[in-house]
Structure formats: C-alpha cells, structure tokens
Number of protein chains: 2
Amino acid sequence: MKGNQDSMKYLFEPRGIAVIGASQTPGKIGYKVVENIVTGGYREKVYPINPKGGEMLGLSVYKQIADVDGTIDVAVVVVPAELVYGALEECAKKNVKFAIIITSGFAEVGNVAEERRITRFARDNNIRIIGPNVFGVYSAVSSLNATFGPGDVTAGNVAIITQSGAIGIAMIGKTKVEGIGLSAMISVGNKSDVDETDLLEYLTFQDDAKVVLMYLEGIKSGERLVEVLRKATRKKPIVVIKSGRSSRGAQAAASHTGSLAGEDKVFDDIARQCGVIRAEGIQEALNWCKFLADSPMPTGEDCVIITNGGGIGVLTADACEKYNISLSDEVADLKKTFEDVMPSFGSAKNPIDLTGGASPEEYDQALVAALRNENIDAVACLGCQTGSFDADRFAKIAEERYAQYRPVKPIVFSLFGGEEVERSIAKLKEKGIPVFADVYEMTAFLGALYRDYRNKSVPSAEPARVDIDIASIDAAVARARADGRYFLLAQEAQEVMRAAAIAIPQSRIAHSPDEAVRYAEEIGYPVVMKVVSKDIIHKSDAGGVALELVDRKEVLDAYEAIMRNCRNYKADALIEGIQVDEMIQSGVETIVGARQDGAFGPTVMFGLGGVYVEVLKDIAFRAFPLSREATLNMIGQIDSYPLLLGVRGEARKDIDEVANTIIKVGWILCSCDAISDIEINPLAVYDHGEGVKAVDVRILLRESEEA
Amino acid sequence: MKGNQDSMKYLFEPRGIAVIGASQTPGKIGYKVVENIVTGGYREKVYPINPKGGEMLGLSVYKQIADVDGTIDVAVVVVPAELVYGALEECAKKNVKFAIIITSGFAEVGNVAEERRITRFARDNNIRIIGPNVFGVYSAVSSLNATFGPGDVTAGNVAIITQSGAIGIAMIGKTKVEGIGLSAMISVGNKSDVDETDLLEYLTFQDDAKVVLMYLEGIKSGERLVEVLRKATRKKPIVVIKSGRSSRGAQAAASHTGSLAGEDKVFDDIARQCGVIRAEGIQEALNWCKFLADSPMPTGEDCVIITNGGGIGVLTADACEKYNISLSDEVADLKKTFEDVMPSFGSAKNPIDLTGGASPEEYDQALVAALRNENIDAVACLGCQTGSFDADRFAKIAEERYAQYRPVKPIVFSLFGGEEVERSIAKLKEKGIPVFADVYEMTAFLGALYRDYRNKSVPSAEPARVDIDIASIDAAVARARADGRYFLLAQEAQEVMRAAAIAIPQSRIAHSPDEAVRYAEEIGYPVVMKVVSKDIIHKSDAGGVALELVDRKEVLDAYEAIMRNCRNYKADALIEGIQVDEMIQSGVETIVGARQDGAFGPTVMFGLGGVYVEVLKDIAFRAFPLSREATLNMIGQIDSYPLLLGVRGEARKDIDEVANTIIKVGWILCSCDAISDIEINPLAVYDHGEGVKAVDVRILLRESEEA
C-alpha cells in the first residue's frame, strides 16, 4: 500500500488542485494558500472551495468540490478540524488522490480519535493524507506553492522534508537568503498516513532533487526508513538533522538495549550505517546542501591544502582530522609537483604553505599544479588577507579554475579577512562555488562531500546469511508460551543457541560414576561437577560442587564425594544426577544483542562486557540484516576495539567468530517473530581461531499479541 | 626581568615612536607603517628614520635615530635582517624601551644565531623586543597603528595576541566587518623576548581590554602562562584558539606521560584548569569576543528557553547539553510564571513553547516574565519565521527588553528565517545585542559566557600542601647520581614514597625463621616469601618462592623449604636472607604521575590503569600545584570515574587517598629539581577508608645539568 512511485507523482505534479476552505480575506490561511498557488505560477487549474461561493484572485470560488468539472488530484484542506471528515467525504466522491490537511487540532493536541477516523476513511477511499497539522507542499517541477509560507520560493535542486512546520516555513526564507534553490518542500506534520519514508522513496528517483534534506524529530516507520535510506544514499546525498540528541531533548528510551546508551546513539549509528550525512544544526545542513547538489566527486582519499598562511593551514589540518579527511604527505610526487612550480618551496608538506608573500600568479600556478596531478583527489585552497593578498584577483582565479576543473575534481575555498575578502566570498558564492569564511565550515562541507563519495564508491554487499534450525527455536518458544512465560529458561535459550550453532559451554547430566567419566572425556578436562536436585538449593553448602577436575580419578572421587556429602546434608533429597560441565576458560568478555527496536525494527548491538558498555557506553548498534563487511565495521567502531586486536603483547582475538555470532543472533531474531530480545552477556572471545562461547544467554518474547 | 607592568605600558602608550627603515615608496612596508601611524591618529611624535633623509607624509625623515631630540619609547624596525643589530645599537644609545622588529629572516628560517645575538644585545641594553617576524602592534588607547596591516582599525575593547602574522592582519579586517572593536592587537612572531604571557599579564590589568583573544601555535613559557592565565581568567574572559589539535597539526610529543594522549590533550586539560575559554576556530572565537566584553553575568545556573517553534526549541536544548548549560524544569514557580501571563500554556516545560501563533505581545509578556523571575538566571529567546511572526516587532521588543534588563541578567537571541529576519539580526547585532542566526552559535556563546561566570564565581582555593621528608628524597637521588644513573632503583623509589607517606607494599629481609615469623606478624598475614640471593636469578625455578602463607607454621615451613630447595638448586649460592613481603590485595588499578612537562612545567596526571589509559586514552592532566577541590575535579573528569564511585554493587573506592597521592607526587616533583618523572603504575585503590597502595613506582631524573 505504501510508497507507490506512480501515485506519489500526483502530489508533486497534480493535474488540478482544490483548496477546501478558501477564504476571500487576505491574511487568512485559506487566502494565503490560494494566493501562493496563483502567484507561484502553477499552470494547471486551481479551484477555491467555499460554501459562500463568489470570486477571489480572479478565480471562481466553488460552493462544493462536486461542482468542479475538471480533474482534482490534490485537495488542500484548511477548514476547522471538525469539518475535515466532511471535506474528505467530498474528496472521495471526486476521486481526489491526495489531501494536504493543513488544519491542526488532531493527535498533536490529544485528539487521536478524530485523526484515526479521518485516516481510516481516507485509506478506505484511496486518498493519501499529508498531515494533518502541516503548512503545505511546494513542488518546483509544477511551480506549485501549496503552502501558507512565503510566496517567494527560489526553485532549485534541494528537496526538503520537515517534521516541524515552523522550521519548514523559516527554511523557505532562509534558503532564499542563502541562494539555495528548492526542488520541493514538504511538511509531514502528524504523519497520519504519508511519512518521511514515503516521500524520501519518491524523491530518491526524482531527478530534480539532487540533494534531500530531512528535519526529523521522531521516526515513524524506522525499518522501512532504513531500507529506503540505504538505497537513497547510493543515489544522492541525504542530509539529516535529527533533534533530540541530548537526553533532555530525547524521549526516554523504554527498551533495555537502547537505553544503555540512549536512543540518539541508536539513531546515530544506524544513520551512519545507512550513509546519511548527519548535520548537527540547520545552518550546518544548509551550508552542505548549498554545494552538495552541484559538486563534483573526489577521485580518491588524498586531499591537499594550499594556503598563504601557516596558521589557517594548521587550523584546516586540525579540522580535516575532525571531519575524517585524509591529508597525505605520501601523495606521489607531491614534492615534485610544487617544486616544479616554485623552486623555493623546498620540501612540500601538506598543507602547502605559499607563505604570506605569494603573488596571485604563484597561487594560480600552485592551484593548477594540484588540480593537474592525478594523485591529488581534492583540493582545499585557503586565502588569508595579508599585506600582499589581492582578494579580487584570488576570486577571479578561483572562478576560472573552478569552472575549468569542475569536471575533474572538487575544489573548496576559504577566505579570511576584511571587507574586500567578504565581497569576494559573496561573489564566488553567488556563482555556486563552494567558498567559506571559516576553515572549519569549509572542511565540514568537504567532510559531507566525502561521506557522499564513500557511500557511492563502496560496493554494496549482500547481507550475510546463516543456516538456522528454525523448528527447534520455535519448539523452545512454544514451550515458554505454553508455560505462560515471556522469557526462555536457560536451557531453552541454550537450545536456541545450538539451533544457530553458537558455541555454548558443554554440559551433561551423569547418573553413574562411569557416565560422569565418559561425559568428562567427551567434554574435555578440566570439568566442573554439580549435584542436580530440586531438594538441594544451596549446592555449595551441601558440598555438592567440585571444581577444576583434571582427570578420571578426580572425577570418580568427586562423584563419590558429592553423593556422600549430599546424603549427609539432606538424607531424603532426591538426587537426579550429577551435572558435568565444561570449565569455562576466561576470554575477552563481550556483549552481543539483537532486538526488535521500537523505531528501527531488528537491530543488533555489540560492545565489550561490563564497565565498557555500562559505564563508558562504548557500544555499537546496527539495523539488521548486515553484510559481513558491515558487521566487521560495526565491531571496529567501538573505542575498546584494540582489546580485540590484542594489546600489551596479547594475541588477536577471534573477531571473525564475533561477527558470525552477531549475524547469527540477528537471524534468530528475524526468523522468529515471537522473540523480542536476545542478549549474550558475556560472550567470551578467545584467541584468533579458537572461537567464542556464549556463557550466558537471555531471550525475551514479545508481550503483545504473537505476530 | 619579565612582565613589568610599568615598563610594558610604554609599548601600548609610547611617548614617541621611530620607524627605522622608513621608506618614501608607497607599497613598501617601511612606508605603510609610517602611513598607518600617521593616519591612525597617533598623538605623540613620529620619527621616520632612513639614511637618505628627506620628508614623507608631512614628516621629516631623520638620517639616524641619534638625530632625534625627543623621547622615543618604541622603535619599529623594518630594515633587512643583517641591519637589525645595528639598528638596535642605535636604539640603545637613545634609551629606546621597545623594538618592534617586523623584519623576518631569523629563527623562523633557521637563522637562530643572529636572533640570539640581537636578543642578547637587547637584554644587555634594556630594550625589550617584540618579534622578530611580526606585523606590528596596534594600541587603541594611544590611537597607535604601528603595523603594516589595514590602516582602518575599529577601536574597542577586545585585545588580540596572535602568533600568526597572517591571521592577525586578516583579523583586523574581519573584526571590522563583524563590528568588533579592538583595544589592542599584538603579533608575537618568533617571541625572542616578549611573549604571550608578558602581554597577557599586562592586558589583565589594562581596563580597556574587556576580553583577550589569543591565537597560539606553540607555548613558550608554559609554567608562567599557567600562573598568569589563572589570575587573568578571574578578571576577564580569555578566549584561546590553539592550533595543532590534531596529531597532524601537533608536533610529536617527546615525553612519555604527555605522549600517552597527545600533547593537545595536556594543553586542553590545563587550559580548562586555568579557566580559558577555548575556541576551535577563528569564527567561533570572534562570535564569542563580540559579545563577551559587554554582556552581563548570569546570576546562577538556571536557564530558560523561550521559543515560538518546538523544533528550534529542541535543537537549542540539544545544544545546551553540548555546551554544558543547565535547563531546569525545577526552576521555582516556572509554571506559575508563564501561566500568569498566558493561561493556555498549561504545564510550562523548558523550553517554553509559545507555539507558532504567538503574537509579539505574548512574546514580550513571556520574555518579561522570565526576566523578572529571580529564579531564572539567563534567558535564550528564539524566533522562527512562521506565518504570523513579525521579525521587525520582535527586534524592537528584543532591543527594548535587552536594554532594560541588561543590568540584571543575560539574554541571548536567535532568529531563523528569510530576508526580514536577516535584517532584524543585522539591526540587533549593530546595537551590540547578542543575536545569532543559528541556535548552536547562540548556545556556544552562552556556554562561553557561563565559562566566564564560573571562573569568576568559584572561590579561589589555596594549593593543598603536604609534608615531605626532602632530605631522604635528596639522599636517594644522590645515590643514583653517584652511580651515574638517571633513574631510581625500586628500593630508592620506595624510599621516596615513604618520604611522602605514600603507602607501599611492606617488605623485610629475614635472616632466621624466627625473624621471618616476626616480620610476617608485623606485616600481617598472608605474606609471600622469596629467597634473596644474587646467585639465584630464577627464584621460582629454584623453589625459592612461597605464596599465600597464612600463619606462623606456614612461614616456618616455607623458610625451611626455601633454604633447602635453594641449596639443592645451587649448593654454593650465597643466600643473603629471605624476603618477607606483604601479599598485595587487588584493588582498582590506577596510574598517578607527575612530570616536568616541556611546555607547562610541573604537571600531574591521573587515569585508570591498563587499557583505560593505554587504549581508551581516558586520562586527565593538570598543572601543579593544585587545590584539593581541583584535584578531586581532576579525578572526576575521567570517563571511567564511576568505577571509583563503585559500579555493579561495589563499594565506593578511597578517592580521597587518590587525591592525596596526586598531591604528594606533585610536591615530590616540585621539591626535588633533579626529578623529571614519577609514575605510580599501578596505584591500587581500595574501598573508601582503606587507602591506596603504590605497587610499582618508576622515578626518572633529569638528564641535562642538574637544576
């Protein structure tokens, strides 16, 4: 039902539009919307609807939608909340495809029932709803400004999806000021039907949108969003501002795994996984969107900085580390490149410092040398206003070389100084050349460009798959259900582990000394032995436990001793047998989990055990399924990763088996709808080649209706 | 010799100035400097000096400085490097107090010898040098622009000290564009004599400088800088940009402790300790300086956000967490405050959301209510351009209320939207009202203001002092020196620990079974025993070690066994005795260190042992000495601090004793010039009240001449 590309087209390119609740009083929303549509240059028919009839802005006002002859694909609804249902009934009769419900007073003020009622009616009658509680939709392709925001929108190639109406309206004005053109602006409001994912899916394949900017507060259909984002970011840059980074801003995460690090951490990890370019604030996002649409792609990871000031060069190098941009001195023939141009350079180090006295010609020569060198993949060119710096000449050179080398590789500029410099910045910006007054802003943009480049250049990998014995998982779950439990017993959880071939400590129950020896030899020495008896709760007190048994003789002695001790302890105890357990070797303790996340659906998590996760919040999340590469990348993300690589002379741990375990628990979760939560804590990780062991496993079931 | 307030005054307010190397050719530096001084409005006499004589810019050119009759406090030197020494000779004869040596070609290009020569000459003749390799000095108090930078400087109350000439010149232009007035701008160049510390010390007490901005690349006299910064930040905000945050930017740290986390980490910790407001880049620093000079102080920690858009409210709350600003819902009568104004609010939550439809009057009422409420200490007022938002009215209200409540508490504004909004921002900015287009920028400024507030409101605490037996430390060091060693032996290091009453594991050497028992009983069971013999290297192989001895009998048996085993192992071994050691209880392993830092002098460090420091770089540094509070603050700074508080049901550890140990090692370092490095690793920390134990101690001595 969701996300139909063909039908969504009618929202952006409607063949006729009605405004239900049109008003002849300037200043009213019902007037402003009609005015914006008319003055915006929409070329198809516009039908203002108002029971009073009459005329407005040169258009006939229809008393009801049924009176209209032509096709109406979109109806903008601005009547009071209690009249919206009736308006939709009218729309249904006229086969309207989209209702943009600007009207507020629904779920956002607690009126959930009415919102459900209109949504149900719309669904039953094939009407898609935008909103309610939105400011409208702007679509450049049809010159349609169906909003009550500013009438003057600059058309261009940035599409914006916003969950905040106020921010959306303000962004229309702000983008105009900043010279950013919009291909579309959609306010999603209460998302009773169409949400950011539906829109993103459409915009991914709409050529006019070269960049998509999303302002999000909460996620609705996160599992689908993940899927759509993964595809979208391979096609075009997706910049996301998600508010609620802070604990105050964010709603308390209800779920266990998520709450370990707070919900934003989950979002942040998954957004990165999907290739999202996440901006902290609006200004930063707009800075990126302005130039991302038109910028050429880097050809590789090696950037070079050219500067006339050592100070701003070092500051830029600092910023490059922050934004994950590689400044290599190892670029082949770096030295030669610049020596050829200016012999006085001596040893060329990156940043290339032309020094304060550099003439515009020298600047140009150095810039051209860098642009021509095939081993340099992107260039950052800095200008600091010194005694001899000519900002005007610099701007001319920048413009010329940018145009000339645009098809080849990206150049970004930063200029720092007084009025002259500000004028040059404004001039270059106007021409769409990426220039910034601050080196950190410049480098942040270059970082965004590199995120986009890496999204597109990494080959897409298939999710890793594993064989799972689903029947035995279902059987374990069924037993818990039959017992009325929402969790699995340790033994059931171990069955689930076995069903996915995740190694667990071995354990058998022996009923004779000989059997105990046989089991011990199957398991391998040393072993641990424990009495099995419902009548003996405190096994140690009863002398019912024996540790570290290293050979046949010790097992036989222990068997006898345990039986004797327990009889002495409680003569009438029913002893079911003696459990022979593998003695667990200590390894690096890690935590592997999988859960049905409220926002994102199946997610997996990984971290080092104990304080690393609990105190240091050193943990990584991913939406599942995952490729093997992505799983290894997830493991490598945690700060304590060097512990798995082996520090202080220790051997490398079995990282491959950790990855396998993450993939396995992910598939267990995905194979069995009844399971909501799996946590292996600890998963002991041994040296490379020696595997892992799920020492303790906790599995929870959904408490709601079974899926 | 350094930092004399009285003499430094002549640099900023000279009673006469000469330009040695004045040129009649426009475009030359020797012309530009004279021109800037003349057009800048300097009221005292200016003497261009050039052997050719003549006239320029209405001034007589003197052939040599000796020809001048009047007083010359400052000489600006622009002659070629090889003539600088001669120029200084002339200056000396004329009792010139400061030489601003613009000339480059000294240490920065490897010409260290000539720089030393001129510096020595200047020192011997009571001339202070600025530079060489600078662009000059600007001083508003005397309308003196003795630079070759822009002629048009806006006078004001921000003083800038810069290590980069290019950045300094560009900042003159940039501050003008941004409407920031300067009280002074000094380029320190090669810092052959006067450095940032000398200047900062003067500016701390110069009333015209309300804010000091420093751009630093390296630190020269860090120990003094720390001392001066500590005083300065209690008087006025000190904003510092230090480049070289990144490993690429930073020089490799040579020293052991420093290199654990990279040099910038040491700078960052110590800057914070001194109350520095550290900016990442130049734009951020200027944003702060613009308003810091004139802003009122918060009256406490409780901030309130007022907004007409939920979205920008949440983004601001996110930013508040990032910049360490407290948004409390607990503010007394918060709800009542806003309910009284607008009953429709219902429950007032912070941010206070007036919603998109708020009228200017409602905005004003809410703002006034917040400003009048004594329990609200600072207000952030946000405006988002919605349908009904009137940016012009907003600006008027903002201006009026800002002026009215300026003496009472700080208000910061952020406006987001189109052209109308941008105009309002420009208008407010011009009037010196802190307004920002981006909520993150606004909040970063508020964060800077709070740094300043906290610097000034925390009572200054005396350094904690401890008694140390300096004589026995000196004796241990003397023994090492006599041996030609640059490190102390374990036993010597233990003597040093004892000299400061730092607990170490107890250890005695027994020569008879009875003596062993006596020692064991003095130390307390369990004990460990080891043979002491130069002839037995592998004590364990020889059976010369006994662990976990819990009573008299076991000690007697062990004594006998060790003697027997060792005789069997090597019949002719000379056995000096048997060492009886305390068995160390395991505790939380920490690292405590103290060292003579190359840049900052005596510094102390603290972190949790092993991977926490080595892998996670979770470590804190401070310049020493430290107050008790500051030491506890240092301990609390590390991410793994909760481990000391006790996690997972464990008891709180003896944090007080950790603090004592840090203070003690700091004083050991400071009491003995020969010691360069002390590291206790691990310092075992036990439960609260049970102390700490320095398990392993490493002490290094200076390798250069003894101080």
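Two strands pair if DSSP finds at least two bridges between them, and strands (E, at least two residues) and helices (H or I, at least four) are DSSP runs numbered from the N terminus. The model is predicted: local features need pLDDT of at least 70 and side-chain atom pairs count only at pLDDT 80 or more, while totals for chains, interfaces and linings use all residues. Residues are numbered from 1 along each chain as its sequence is written, with chains lettered from A and ligands numbered from 1 in the order in which they are written.

**View 1. Pairing of S20(A) with S23(A).** Strand S23 (residues 577-582) of chain A and S20(A) form an antiparallel pair over four bridges. Within S23(A), Gln579(A) is the bridge partner of Ile509(A).

**View 2. The open sheet of chain A.** Four antiparallel strands follow the order S20-S23-S21-S22. S20 (507-510) and S22 (545-549) of chain A are the edge strands, each pairing on one side only.

**View 3. Packing of H14(A) against H15(A).** Helix H14 (residues 391-405) of chain A packs on H15(A) at about 20 degrees, with the axes 9 Å apart; axes are lines fitted to C-alpha atoms, for helices over the stretch in contact, and angles run from 0 to 180 degrees between N-to-C directions. H14(A) is therefore roughly parallel to H15(A), a term for angles under 35 degrees.

**View 4. The side of chain A that touches chain B.** In this interface, 61 residues of chain A are in contact with 61 residues of chain B, contact meaning C-beta atoms, placed from the backbone, within 7 Å. H5(A) gives the most to this side of chain A, with 10 residues.

Methods: Two residues are in contact if their C-beta atoms, placed from the backbone, lie within 7 Å. Angles under 35 degrees count as roughly parallel, over 145 as roughly antiparallel, 65 to 115 as roughly perpendicular and the rest as oblique.
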